[in-house]
Amino acid sequence: MENLQAGDPRYLKRRVKGCTLDVHPTEKALIVQYEVEATILGELGEAMVGERKECQKIIRLKSLNANTDTSSLARKVVEECRLIHPSKLREVEQLLFYLQNRKPSNDNQEKKRVSPRDFAPYAGVELDEEASIGNIEEYVELLYEDVQEKIRGATLIFQLARNPDNLEELIENEAALGALARVLREDWKQSVDLATTIVYIFFCFSSFSQFHGLVTHFKIGALCMNIIEHELKRFDLWQEELQKKKAACEEFSENQNLKKEHEKSFRKYQSLLTKQEQLLRVSLCLLLNLAEDTRTELKMRNKNIVHMLVKIVDREDEELLLVVVSFLKKLSIFLENKNDMAEAFAVEKLARLVPCEHEELLSTTLRLLLNLSFDTSLRSQMVQAGLVPKLCSLLADEGQRQLSMCILYHITMEDRFKSMFADTGCIPQLMRLLFDCGEEKMDVELISLCINLAANQSNAQVICGGSGLKMLMKRALKLKDVLVMKMIRNLSQHNGPTKSLFLDYVGDLAAQVSDEEAEEFVIECLGTLANLTIPDLDWALVLKEYNLVPYLKDRLKPGLAEDDLILEVVIMIGTVSMDDSCAALLAKSGIIPALIELLNAQQEDDEFVCQIVYVFYQMVFHKATRDVIIKDTQAPAYLIDLMHDNNAAIRKVCDNTLDIIAEYDEEWGKKIQTEKFRWYNSQWLEMVENRQLDEAAEAFLYGEDGESFIGTGDVLERPDLFYSADGIISADGAISPDFYGDFHDDLGQTGYLSSVSDQFVPSAQIPADRPGSAYGFRPDEHFFFSTSSR
């Protein structure tokens, strides 16, 4: 834009346009974004030159806290900031309210790159003189002197590199950077101070992505990997030497010289350890910055970086541990690195850091454990390392609560670990957090963890203790909270005293089953009711009082509702069919044909098929519904078709149902018997046809000339190969009376052979509490019907 001279008749006109407001992503501040339009006007006021510029102003609100009156503060902000028009007062107030209630994030420090100003040089290499960028050549010349002068020169250059403003000028001095890289490569083993200072300098460059190419050019990353590997080996040697002196001191406890020598060695060890950990820390920080490039990270992985990092986790320096755990967290998102951590038993070593007083280290460790907890085997290692009670104790820490709940959620995905929570004190804490939410929306992590825990019987008893179930039902029914109702549904599946507590809420749950309620909520209510296989519950009264039969029947029509809702309706019908009067009521309503139609439509869905067949299984127990199923529907024919289904659960329910039908209907009994015989016979024929003779048996089938002993003729023309009729047919050709008597006994009262299944599996008494779901059958129980029980 032109410069206006004094006395110039033209003048400059500025105008602010397009002011928008937003909140700062990390700080308690408002961001005002606006556009400045500058125009140079001529003598007559015409626009000659114009320019636009986008600007931003940050209004920091240091006084904003939980007790601040946002309305008053909004008026003050509008009054003092001329960029904000008074009409935006309401918007400012809303943004302030959001800032006031926004939860602090733990991500800020992790997302921020490690700054060179975060590090200070060793006390041993601090200099009294102050470095100047104009004397850089003198500092470079010091790098060609002895070790002490090299340290001095490197320290002065490091003072310059700590100021980001000097980096551009330093990068132009290729001789200085080349000299630093050479000294590091040649002399890093001679002096830890020298190596640390030079790595610090390159670390300053690595803090900015545009300088990564420079660091890579001088192969500083590979050199740092060598340094770390060497230092870890030195540490092992120190430990071994120290242990030997300690053992000698303990063996000869009266020898004061050995004791003094051990104390001297220990002090020296601590001094060396401090310097080594500083070198390891800055080297790892440099590598962490370079690992932004996944190709560079892969090279580090190939050089065994993961095992090195896991080995360092045993150290005590919290600042070094923070870098190590941050590095592991970054690496853990890749499968190969995660597997390396599992091999190195990283979880076991990380467990000692939970909890710890260093808040940032604890938060980073939990994030790493969260990444690892997606792996099933590593979840097992977490449990074995004793992390469950430790994580439960962190629920009281608001800063670490969310991360702890996420890890615990992953652990509770495994049924075998759920029972561990009953005695940890975790469940009462979670229930308090849940009830403290009031009518506000609760955190997904909290309710998800509660849902998982409710699937275990021991946990369910703790949850329902006191007024737990009452409070859950109150919140779920008042707010129509689907997730809380899902938790209640899990609680209702357990037998014992917990299930009986639901008797008081059957009416409330049944009232929710209507078209007015949201489908997701109705699904959970139906699922809860379907779990209530309680003998004292009068289902007929519930169905009539809340008019549920028309609702259940209408939902069975394919395509009129979501499959999830239809499935819950079928399961609900299976549960209420255990009651004689309910089964008759449902049969009269025409539900059985509707179920058969649904079975045809959903025949590819094993869950649907199994639950529908289970409804038939329940109904054939009752005389009224048994006659309807056997005589008025084609349900038995469908069951015969499903008798040999690939799904074991479907086969089992079909067999049980068909056995009962066969007991009461002779015609269907013959058909079932014929089908079973045909099936087993076909299996036998198929096995005979496919059987291959082994090499050992082949030698006996052929003579020396290769001719078969059984000849080349038709095997059916060899009557000598048939079974003998001894004991069945007498000399005069009549049937033996003994055989006839045995055969007659096998026919029994029904006049047909007993089923094949009865020949191999003895019938058993039916347990009193039949399962409410077809998948509730236990593999060690027989549910075959027995006439002796009726």
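This report describes the confidence, core packing and selected helix contacts of a predicted protein model.

## Basis and confidence

The model is predicted: local features need pLDDT of at least 70, side-chain atom pairs count only at pLDDT 80 or more, and totals for chains, interfaces and linings use all residues. Residues are numbered from 1 along each chain as its sequence is written, and side-chain values use heavy atoms, with hydrogens and water left out.

The mean pLDDT (the predictor's confidence in each residue, from 0 to 100) of the protein chain is 81. A value of 70 or more is reached by 80% of the residues. The pLDDT is below 50 over residues 120-124, a stretch with 13 contacts (heavy atoms within 4.5 Å) beyond near neighbours in sequence. Residues 692-697 also have pLDDT below 50, and that stretch has two contacts in the model beyond near neighbours in sequence.

## Overall composition

The protein chain contains 42 helices and three strands. These are DSSP runs numbered from the N terminus: helices are H or I with at least four residues, strands E with at least two. Of its 790 residues, 45% count as buried, where buried means under 20% relative accessible area, exposed over 50% and partly exposed in between, with a 1.4 Å probe and protein chains only.

Among contacts with a separation of 6 or more, 68% join residues 24 or more positions apart.

## Nonpolar cores

A nonpolar core is a set of buried Ala, Val, Leu, Ile, Met, Phe, Trp, Tyr and Cys residues joined through side-chain atoms within 4.5 Å. The largest has 206 residues, and L284, I305, F327 and M487 have the most contacts inside it. Helix α8 (residues 192-206) gives the most to this core, with eleven residues. Another core lies apart from it and has 20 residues, including C19, Y34, V78 and C81.

With neighbours within four places in sequence left aside, I305 is in contact with M225, L284, L287, M300, F327 and L331.

## Helices α18 and α20

The axes of helix α18 (residues 376-384) and helix α20 (residues 398-411) come within 10 Å and cross at roughly 110°. Axes are lines fitted to C-alpha atoms, for helices over the stretch in contact, and angles run from 0 to 180 degrees between N-to-C directions. The two helices are therefore roughly perpendicular to each other; angles under 35 degrees count as roughly parallel, over 145 as roughly antiparallel, 65 to 115 as roughly perpendicular and the rest as oblique.

α18 passes α20 in a left-handed crossing, meaning that the near helix is turned anticlockwise from the far one by less than a right angle. On the α18 side R379, M382 and V383 take part, meeting I407, H410 and I411 in α20.

## Helices α22, α25 and α26

In helix α22 (residues 426-436), the buried residues are C426, I427, Q429, L430, M431, L433 and L434. They pack against α19 (387-393), α20, α23 (444-453), α24 (457-464), α25 (468-479) and α26 (482-492). G438 follows α22 and has a positive phi, near 60°.

α25 and α26 pack at an angle of about 140°, with axes 9 Å apart, which makes α25 oblique to α26. This crossing of α26 by α25 is left-handed. L469, L472, M473, R475, A476 and L477 in α25 meet V484, M485, M487, I488 and L491 in α26.

## Residue Q148

Q148 belongs to helix α5 (residues 147-161) and is exposed, with a relative accessible area of 58%. Q148 and L194 are 46 residues apart in sequence, with a C-alpha to C-alpha distance of 8.4 Å.
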